[in-house]
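Subject: A structure for you to look at

Hi there,

Here is the structure I promised to pass on. Have a look at it first, and then read my notes below.

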Amino acid sequence: KRPEEGALAASGVKAEGKNVSSKLAGAKVEMEKQVASNQVSRKLDSRPDPGDLQKSGIMKNADSVAPSLQSRVGELDKKARRKSVEKNLEQRPDKADLLKEGLLRGDSEKISPAIQ
């Protein structure tokens, strides 16, 4: 038994319109494929390099870390930097020590409140 005309049209074997020759319908399909291929090629050609994306901060650690892990690595880096700053602030000498060592003068009205 032969397949129905609708099934042939759905599978791309026969054009849907009855007034279109199969040669023209095939050429149309090939042209549509070529247009789609050209669009993809054009978009790929205009895509920025990974190096440019790294410089602009969009992409990080592209060479050393899988893309699925990049956000987690960024979070861990941020935590490590925060801990480092907190540690350095805790170890900072107080005002009395700075006065004693001669690194700070006694006129405290000129001292930043952050140091006091």
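From the N terminus on, the elements of the protein chain run α-α-α-α-α, which makes five helices and zero strands. Helices (H or I, at least four residues) and strands (E, at least two) are DSSP runs, numbered from the N terminus. This is a predicted model, where local features need pLDDT of at least 70 and side-chain atom pairs count only at pLDDT 80 or more, while totals for chains, interfaces and linings use all residues. Residues are numbered from 1 along each chain as its sequence is written, and side-chain values use heavy atoms, with hydrogens and water left out.

Of the 116 residues in the protein chain, 6% are buried (under 20% relative accessible area; exposed is over 50%, partly exposed in between, with a 1.4 Å probe and protein chains only).

How many salt bridges are there? The count comes to three, a salt bridge being a side-chain nitrogen of Lys or Arg within 4 Å of a carboxyl oxygen of Asp or Glu.

- Lys-28 pairs with Glu-32, with the closest N and O atoms 4.0 Å apart; both lie in helix α2 (residues 22-45). Lys-28 is exposed at 53% relative accessibility, whereas Glu-32 is partly exposed at 45%.
- Lys-33 pairs with Glu-30 at 3.9 Å between the closest N and O atoms. They are three residues apart in helix α2, so about one helical turn separates them.
- Arg-72 pairs with Glu-75 at 3.2 Å between the closest N and O atoms, and both residues lie in helix α4.

Enjoy exploring!
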